[in-house]
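Please look at the sequence and the model together, and follow the chain from its overall make-up down to single residues.

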Amino acid sequence: PQATDEQVRDVLAAYPPAVEHADEHGYWPLHLLCRYNAELTVRKMRLLLTAKPEAAAHAADDGLTPLHVCCRYRINVRARVLAQLLDAYPAGAERASKEGWLPAHYLARYCANLDFDMLALLLTPYYNLSAWVFVLGFALIDRADEYQLVQFIVAAKAFTFLSSGVVSGFWGGAALYACVVEDTFVPSGGPAHRPHVCAYDG
């Protein structure tokens, strides 16, 4: 459980099929690393994902992918770890476990160091695309020109208000209304099972 980066690398070099060896619960090494390794590093995960990219999408017998496991069992998970798993399997943020929970549900309930960046990774479609668009735009403008700089800031704030505020608010409200009308409840069929809407039935 406390394997170092070097030990993970050496095991994969000596026996490459180990990356997809399942235990009695259907957990692959990436699942076990995410659940039990005290020093979970991006490098360790990269070693396993490079050897077997499909490991990020593999679900164990309980329906948990490595992303679910990280959000469920790691009390102090880091945003970089979540980003690494999402890079390997972007659809993982929308995949429900057998009990009907998305990774965001587990993160919201069990994570002790929860912050906005972590939730944004799991709740934003193509989680970092819009940010990179604005990074590129910032690089292309003439930052010495005050007019262009102000225009960029206003555009970025307006986009954030529309995408994360108006659109998300409308979508969440519509999903909640449908949930009430249809008399369905989380996690069986409520808003949490609609794309990019997170609800928690506490």
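The paragraphs below move from the whole chain to a helix pair, then to the nonpolar core, and finally to one glycine.

The model shown here is predicted, and its protein chain has nine helices and zero strands, so that the order read along the sequence is α-α-α-α-α-α-α-α-α. Of the 202 residues in the protein chain, 34% are buried, while the accessible surface comes to about 11,900 Å², with 62% of that area belonging to carbon and sulfur atoms. Among the contacts in the protein chain with a separation of 6 or more, 62% are accounted for by residues 24 or more positions apart.

In soluble globular proteins, nonpolar side chains tend to be buried together. The largest nonpolar core in this model has 36 residues, and those with the most contacts inside it are L30, C70, V77, L82, L107 and L122. At least two residues of this core come from each of α1 (5-14), α2, α3, α4, α5 (79-88), α6 (103-110) and α7 (116-123), and α5 gives the most, with five residues. L82 shows how such contacts reach along the chain: leaving aside residues up to four places away in sequence, L82 touches L67, C70, C71, V77, L107, M118 and L121.

Three of those names, L67, C70 and C71, are also listed among the buried residues of α4, together with P66, H68 and V69. Helix α4 (residues 66-73) is accordingly mostly covered, with six of its eight residues buried.

G63 counts as buried because its relative accessibility is 9%, under the 20% limit. G63 and G100 are 37 residues apart in sequence, yet their C-alpha atoms are 9.2 Å apart in space.

Conventions. Residues numbered from 1 in each chain as written. Predicted model: local features only at pLDDT ≥ 70, side-chain atom pairs only at ≥ 80, totals over all residues. Heavy atoms only, no water. Buried < 20%, exposed > 50% of the residue type's maximum accessible area, 1.4 Å probe, protein only. Helix = DSSP H or I, 4+ residues; strand = E, 2+ residues; numbered from the N terminus. Contact = heavy atoms within 4.5 Å. Areas by Shrake-Rupley, 256 points an atom, 1.4 Å probe, with all protein chains shown as cover. Core = buried A, V, L, I, M, F, W, Y, C linked by side-chain atoms within 4.5 Å.
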